[in-house]
Structure formats: C-alpha cells, structure tokens
Amino acid sequence: MTGVTGMTRRQALRLLGMGAALGVSGCSLLTRTPLPQLLTSTAPLPAPYAVPLPLPAVAKPSRTDAGADYYELAQRPAEVEILPGLRTPIWGYDGQFPGPTIRARSGRRTVVRVANSLPAPTVTHLHGGHTPPESDGFPTDLVQPGARRDYVFPLEQRAATLWYHDHRMDYTGPQVWRGLAGFFLVDDDDQDKLPLPSGERDVPLLICDRSFQADGTMPYPARPDGPGSREPFMGGVLGDVILVNGAPWPRLGVDRARYRLRLLNASNARTYELALSPGGTLTRIGSDGGLLAAPRPARQVRLAPGERADVIVDFAAYRVGDHVELRNLLGEGPQAQVMRFTVERDARDDSAIPATLSTVERLDPAAATATRDFEFSSGDLGGHTGWLINGKPFDVRRVDARPKLGQVEVWRLTSDVAHPVHLHLAPFQVLSVGGERPEGPPEWKDTVELREAQTVEIITRFTGYRGRYVMHCHNLEHEDMAMMSTFEVV
Ligand code: C2O
Ligand code: CU
Ligand code: CU
C-alpha cells in the first residue's frame with residue numbers, strides 16, 4: 001500500500017469511528033447496522049415528466065485498425081443543466097453525465113484511452129468486462145491528474161449491457177456521484193440475428209438518484225479530505241431526485257411498438273423495484289451477463305446497485321395518447337416515480353421476442369473444486385465500526401482467495417443488512433437464495449443482491465486471465481468503507 005492510500009484508509013476509519021454515535025433511527029432494527037440515508041435537496045425540484053429523456057452520445061472511435069478500435073475519453077469538470085434553469089457542476093467522461101456510450105463488438109479488441117483532467121486521481125473499471133487485470137481498474141491503479149491510461153478490453157465475452165465507472169479506492173462513491181459513469185454495450189452476431197427491437201427502439205436507461213442544493217450543485221456528504229464527514233451516510237447515500245440518463249423524472253414519446261429498454265441501476269445505494277403503471281408486462285430478455293435462454297415476462301423487475309436488466313415493453317398494449325409510467329415500488333412520494341412514456345402514434349413493428357434467445361450453459365456444482373464462504377457484515381475495527389468481509393476491511397496487500405484458472409467454484413455469500421455483491425472478471429450463476437434454488441433456467445450475472453440476513457450461493461468459473469481482481473459490495477458507500485476483498489486467479 002502506498003503512503004497516500006494508507007492515509008486515506010486511516011481517514012476513512014477515523015470517520016467510521018464516529019458512526020457509533022448514530023441512534024436507532026436509520027439503523028436496521030435487526031442488527032443496529034446503519035441503513036442508507038436520504039440526502040434532502042434544497043433546490044426547487046421540477047414537476048415529474050417535464051424534461052425530455054436525453055440519450056447519451058455514442059462515442060466514435062478516434063482510430064481503428066486491423067487489431068482494435070480506439071476510443072479517447074477525457075475526464076473533466078463541466079457544468080450541465082440537470083434541473084431546469086440551474087447549472088450543476090459535474091465530473092464527466094468527456095464532460096458528460098452519463099458519459100458517452102461505447103458500442104463495441106464481442107471479440108473485437110477495444111482500447112479506451114482515459115485522460116484525467118480532473119483535480120483528483122481516478123480509476124476506470126468496465127463493469128461486467130472480462131478484462132485482463134492490468135486494465136480492470138484495480139482500486140489503487142490510479143490515473144493521476146494530468147495523466148492518462150490505455151485500458152485494453154479484449155471483449156472475449158458475449159453480448160451484454162455493461163457500464164464503465166470510476167473505481168478509485170475510498171472515493172468511488174463521491175466520484176460516481178459527481179458523474180463518472182456511462183454505458184458500454186457489447187454486441188455480437190448471435191444477438192444481431194434476433195429480431196429484437198433495435199435502433200431508436202433500443203434505449204439504454206441509466207437510473208440513479210442525486211440531491212441538489214439551491215445553487216444546482218450535487219454535494220456529496222463524504223468529504224474525507226475536507227471538513228465535514230460521511231458518518232451519518234455510512235449505510236449509503238440516497239438522493240431524492242431520480243435521474244434517468246442524467247435527467248430528472250424524464251419523459252419519452254414512443255410508438256405503439258416494442259421497445260428494448262436496457263435498465264441499469266447506477267445509483268450509489270438505492271435499490272429499485274421497477275413496474276409499469278397503469279400496469280403492463282416487462283418481458284425480461286437479458287441480465288447482467290447478456291441474453292437469457294428464453295424471455296421471462298414479469299410485472300416488476302428488481303435492481304440493486306450495479307445490476308442490469310434488458311426488458312421488452314410492447315407499447316402496442318396501450319392506446320395512442322396513453323401515459324405509461326415507470327415506477328419504483330420501493331420508493332416513496334417522488335422517489336416512487338422514475339420516468340414516463342407517452343404513446344404517440346401507431347407504427348409498423350417488425351420486431352419480435354423469439355421464444356429462444358440464447359444458450360446458457362448451466363454450471364454444475366458437482367464440478368466445483370472449491371467452496372468458499374464470505375460473510376458481509378459491519379463489525380468492530382479496533383473501536384470503530386466498519387464494513388467487512390469475513391471480519392476484515394479491504395487491504396490491497398492481502399489476497400483472500402486464490403481460485404485456479406479454468407476451475408469452477410461455489411461461493412457462499414452471507415449478509416447482515418442488504419449488500420449487492422459484485423465480482424470482477426468472472427460472471428456467475430445463482431445456485432440458491434436463502435436455501436432455495438431460484439426459479440427458471442440459469443442466468444449470467446455479475447452482481448447479486450443479498451437481502452438482509454441472507455445466504456446466496458453463486459457458482460462461477462474463473463477463465464481468461466490470471467491475476468488480481470476484486471469482489472466487493474456495490475453499495476458504493478459500503479465499498480468505500482472497505483467492503484472489498486481481493487482474489488487472485490492463479
Ligand atoms: Cu461496478 Cu467493482 O464495480
Ligand atoms: Cu465490475
Ligand atoms: Cu454492502
């Protein structure tokens with residue numbers, strides 16, 4: 001560990017120590033463990049559905065050759081209009097929030113040069129990427145202000161809705177909050193052959209929550225390097241404004257036709273249970289790791305931080321002029337609203353939802369060569385409260401598991417309060433949740449929500465690359481306060 005990261009770790013722990021002053025309110029009654037807290041806006045908030053849905057710009061390669069496509073992203077401060085009439089300072093990839101969408105192809109090497117023009121170090125991670133360790137954004141592989149780094153993504157993986165975001169140790173929460181996140185969509189030939197909605201009817205929706213001061217700023221309560229502290233928010237920071245693609249409660253006019261919505265929960269700590277109002281079907285076709293074997297119609301789709309769901313909504317089920325709200329059943333008041341579609345016109349629709357979408361190999365627990373247990377809990381850290389895995393805070397010098405390349409392992413994950421657990425490198429399947437096998441055929445995931453006091457067993461195969469990766473809680477405040485563990489594929 002370098003001197004700098006050692007200092008930030010100590011600062012974080014000092015802040016955590018003050019968490020003991022928390023009362024019962026905001027804590028889980030079961031465990032007295034801090035839960036996410038709402039940060040209240042003082043800015044005047046717009047009426048819902050007043051702002052049109054923006055679509056993130058699609059990045060163009062700066063160059064392309066026989067071996068790869070090359071992209072350049074400049075991380076820089078910018079001012080954008082998020083709330084009507086107010087200027088909000090952000091940190092954005094190319095000064096945008098969300099950052100530009102990268103559309104890449106399976107098996108096609110994609111090189112992203114990230115230049116840091118921010119006043120702080122950064123780390124960029126491709127979430128869901130099957131990436132060699134040197135390009136995976138290990139939390140201490142810092143890109144200093146004024147420096148740049150080439151992240152090389154071989155993309156030896158199936159089509160999927162991925163995203164990229166900041167991953168700097170101890171500061172991921174504040175840096176993502178300021179705007180450092182964007183979509184990275186991987187396409188492949190198998191998916192291209194399917195008659196799924198495409199073009200303007202393939203809509204990425206990055207959902208996150210933020211809060212705003214009267215002057216338009218989005219201050220983050222955690223300022224470990226300055227005055228103030230994050231301890232009331234150690235359970236997670238919730239905003240009271242729901243943003244989709246960076247716009248508050250936006251609206252989108254749609255045809256009476258099928259749409260593919262690529263839902264991403266990019267929030268620091270908020271979990272959503274998304275449903276249509278006045279009712280309707282969200283047909284799930286894809287998960288974190290790409291297409292399901294077969295479509296699965298649902299009334300609601302639950303997404304913890306970091307998770308994605310590709311769904312088809314057929315607006316032909318409504319009449320021209322109908323409003324269809326996307327609501328969050330876990331939210332209250334304005335936080336129960338996400339965005340609204342208005343059915344504007346009849347239109348031709350050549351799309352279909354095929355009964356077979358892809359082939360998903362089922363990983364067999366009988367093939368597992370190791371079973372490992374990981375307990376996610378808060379705990380005492382020498383007089384301080386911290387977020388721990390197996391009783392230990394993240395320490396870059398320590399390796400907690402050494403799975404062998406090519407081998408299948410079962411990891412048993414247990415929670416105190418809810419924790420969305422994410423593995424780098426290795427997509428997994430959920431074997432059991434609270435002792436029950438999940439319904440339906442297996443799905444490829446990279447993030448799974450552990451509910452309060454629950455055990456989830458996952459099965460994965462470590463392929464592709466040897467080296468150091470992390471597993472962590474994707475509640476970004478938990479992650480920053482040490483709920484992370486290093487594994488090394490050997
Ligand atoms: Cu989306 Cu390790 O992160
Ligand atoms: Cu990741
Ligand atoms: Cu957590």
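Buried means under 20% relative accessible area, exposed means over 50%, and partly exposed lies in between, with a 1.4 Å probe and protein chains only. By that scale, both Phe315 and Phe341 are buried. This is a predicted model, in which local features need pLDDT of at least 70, side-chain atom pairs count only at pLDDT 80 or more, and totals for chains, interfaces and linings use all residues. Side-chain values use heavy atoms, with hydrogens and water left out, residues are numbered from 1 along each chain as its sequence is written, and chains are lettered from A and ligands numbered from 1 in the order in which they are written.

**Copper sites**

- Donors are N, O and S atoms within 2.8 Å of the metal (3.2 Å for Na, K and Ca); water is not among the atoms, so sites may look incomplete.
- His125 (NE2) and His422 (NE2) coordinate the copper ion (ligand 2) at 1.8 to 1.9 Å.
- His125 lies in strand S7 (residues 124–127) and His422 in strand S27, so the pair ties together parts that are 297 residues apart in sequence.
- His125 is buried, and His422 is buried as well.
- Cys473 is buried, with a relative accessible area of 0%, and His478 counts as buried at 1% relative accessibility.

- Two strands pair if DSSP finds at least two bridges between them.
- Four strands form an open sheet with antiparallel pairing, in the order S29-S27-S31-S32.
- Strand S29 (447–450) and S32 are the edge strands, and each pairs on one side only.
- Six of the seven residues of strand S31 (residues 467–473) are buried, so S31 is largely enclosed by the rest of the structure.
- Three bridges join strand S27 (residues 419–423) to S31 in the antiparallel sense, and Val421 has Cys473 in S31 as its bridge partner.
- S31 and strand S32 (residues 484–489) run antiparallel and are joined by six bridges.
- Met471 has Ser485 in S32 as its bridge partner, while His472 stands opposite Met484 in S32.

**Aromatic rings**

- Rings of Phe, Tyr and Trp (its six-membered ring) pair if their centres lie within 6.5 Å; planes under 30 degrees apart count as stacked, over 60 as edge-to-face and the rest as tilted.
- The count by this rule is twelve aromatic pairs.
- One of them is the tilted pair of Phe315 and Phe341, at 5.0 Å centre to centre with 50° between the planes.
- Phe315 lies in the loop between strand S21 (308–314) and strand S22 (323–328) and Phe341 in strand S23 (residues 337–346), so the pair ties together parts that are 26 residues apart in sequence.
- Phe374 and Trp411 form a tilted pair, at 4.7 Å centre to centre with 45° between the planes.
- Phe374 lies in strand S24 (residues 368–381) and Trp411 in strand S26 (residues 408–415), so this pair ties together parts that are 37 residues apart in sequence.
- Phe374, Trp411, Phe462, Tyr469 and Phe487 form one aromatic cluster.

Key:
Helix = DSSP H or I, 4+ residues; strand = E, 2+ residues; numbered from the N terminus.
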